[in-house]
Amino acid sequence: MAVPESLSLSQARRIALAAQGFADPAPGAVPTRRHLRRVVDRLGLLQMDSVNVLQRAHYLPLYSRLGPYPTDLLDRAAYRRPRDLFEYWGHEASLVRVDLQPALRWRMAAAQTDAWGGMRRIAVEQPELVARVLDEVRDGGPMTAAEIEHDAPRETGNWGWNWSAVKRACEYLFWAGELTAGSRNTSFARVYDVPERVLPPEVLAVPTPEPPEAYRRLVEVSARALGVAAEPDLRDYFRLPVAAARTAIAELVEAGELRPVTVQGWRLPAYLHRAARLPRWIRASTLVSPFDPLIWERSRTERLFGFTYRIEIYVPAPQRVHGYYVLPFLLGDRFVARVDLKADRKAGVLLVPAAWAEPGTDPVETAGALAAELHRLAGWLGLGAVAAPVGGDLAGPLAAALAGMLAVR
C-alpha cells in the first residue's frame, strides 16, 4: 500500500509495527536461524539487561515477533560461529549485528572521553593495569573479570589488584573495542576475549569509516527499523550525538533515503524510510518487553500509541503504579493492557501480580486475548500454569478468562 505524505496516527502505527516485524508472517513451525536473522536484520540490535524476574531482556523481542522459539537460536547467533551478533554499547548494552561493528568504531575510539567515569579513571590512573588485563586475555584465552583477578597473583606476583579495578579495566577495554564478549557464563557474566578470536575476519577487515559515514549508516538502520520517526527517535536508537544525528538525517533526506512527512498530532517533523510500507492491518497479539526497541523512546511510544509507560523496577514498591516488571500487551495495532509478571521457576508457575486495562478497551475481549497470550508465554518459559492475577483493574476479567480456559481444557 502506497504511503502518503501526511499520515494519520493509525497509519503511522501500522508503518512502525510493520518496520519492527509485527506484520511479518508467523513461522510455520519451530522458528529457525532464518527467522531469527529476519528479525535481527530488521531491528539491528537487541538490548540486554541483567534483570531476570521473567526472562532475560534480549530473548523477549524475538518471542514477541516469532512466538515461542528455542532460545539457543539466539545464543548460537551471538556466541558461536558464524556469529550474526556481537556485544557492544548500541542503545544500551546490546547484541548488535556484526556488520555494524565498523560503524561503531568511532565510539570505541572515543573511549577515553566518552566511557563512564570509573572506566576513564582506570585508563588514566592505571594504564599499566589496563595493559596487563589485555595481555592476560590475549595470552590466556577467554576469561571473566573474576578469573583474571584470580589468575593475577599466580601469573605475575602481587599486582595489587582488586576485583572492581579489574572489572573496570575490562569494561574500559570492552568500550574501546579491544576486548569483546566471547560468551556469557552461567551467572550471566561476560567472558572477555579479543575481537580477532570472536568477530568474523571479513568484518574486522572492513576499513573504518569516517564518523559522518558511520553516523549515516546508523541513522539509516534506525530509520529502517522504526519506519516513521522524529529526529529524537532516530538519534536515541543508537544513542548518537545530537549534532551528528541531525546532519546525518539531513544528508539521508538529500539522498532520498528518508522522506519528510507529517503525522497527525505530532509537533515534531517526521521522517519516513524509503523502504517503509503501510499494511492494511496488524494482527499482533503479544506481550512486549520493557526493553523492546518498539518502545525504547518513551515519548515516541506516547505519540504513536497514546500509551504512557515507564519501567518501575527502580521505583520503591509503595510508589509503584503498575508493578515491578510490567509488559505492555499489543493487540492489533494498539496497546490494550499492561501486566506485571514474574516467573516462579521453582513452582513452575507464571505469577501475575497485577493486570491493568488501557482506557477505552473492552475488558472482556482484552482479558480473553491476554489469557491466551499468558498461557503461550508460560509454555515458552517452561512453566506449567498461570496464576490468577492478584491486583489491577483487569484482574477480575482476566481471572475469569484464565479459569474459562482451564475449564475447556
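Trainee: Are tyrosine 88 and phenylalanine 174 buried or exposed?

Mentor: Tyrosine 88 is buried, and phenylalanine 174 is buried too. Buried means under 20% relative accessible area, exposed means over 50%, and partly exposed is in between, with a 1.4 Å probe and protein chains only. A word on the ground rules: this is a predicted model, where local features need pLDDT of at least 70, side-chain atom pairs count only at pLDDT 80 or more, and totals for chains, interfaces and linings use all residues. Residues are numbered from 1 along each chain as its sequence is written, and side-chain values use heavy atoms, with hydrogens and water left out.

Trainee: Why is the pair of tyrosine 88 and phenylalanine 174 called tilted?

Mentor: Rings of Phe, Tyr and Trp (its six-membered ring) pair if their centres lie within 6.5 Å; planes under 30 degrees apart count as stacked, over 60 as edge-to-face and the rest as tilted. By this rule there are 13 aromatic pairs. For tyrosine 88 and phenylalanine 174 the centres are 5.9 Å apart and the planes stand at 40 degrees, so the pair is tilted. The two residues are 86 apart in the chain, with tyrosine 88 in strand E3 (residues 85-89) and phenylalanine 174 in helix H10 (residues 163-175). Helices (H or I, at least four residues) and strands (E, at least two) are DSSP runs, numbered from the N terminus.

Trainee: What makes arginine 190 a charge over the ring of phenylalanine 174?

Mentor: The rule asks for NZ of Lys or CZ of Arg within 6 Å of the ring centre and within 35 degrees of the ring normal. The charged end of arginine 190 sits over that ring, 3.9 Å from its centre. Likewise, arginine 184 lies over the face of phenylalanine 188, at 4.3 Å from the ring centre.

Trainee: How do you know that arginine 33 and aspartate 84 form a salt bridge?

Mentor: A salt bridge is a side-chain nitrogen of Lys or Arg within 4 Å of a carboxyl oxygen of Asp or Glu. In this pair the closest N and O atoms are 2.7 Å apart, and the structure holds 27 salt bridges.

Trainee: Why do arginine 33 and aspartate 84 count as buried?

Mentor: Arginine 33 has 18% relative accessibility, so it counts as buried.

Trainee: What about glutamate 171 and lysine 167?

Mentor: They form a salt bridge, with the closest N and O atoms 3.4 Å apart. Being four residues apart in helix H10, they are separated by about one helical turn. Glutamate 171 counts as buried at 8% relative accessibility, while lysine 167 is partly exposed at 22%. Both belong to a network of salt bridges that links Glu87, Lys167, Glu171, Arg184 and Arg190.

Trainee: Why is histidine 58 called buried?

Mentor: Its relative accessibility is 2%, so histidine 58 counts as buried.

Trainee: Which residues does histidine 58 touch?

Mentor: Contact means heavy atoms within 4.5 Å. Leaving out residues up to four places away in sequence, histidine 58 touches Leu46, Gln47, Met48, Leu74, Leu95 and Phe188.

Trainee: Which residues of H4 are buried?

Mentor: In H4, Leu73, Leu74, Ala77, Ala78 and Tyr79 are buried. The buried residues of H4 pack against several elements, among them H2, helix H3 (60-66) and strand E5 (180-184).
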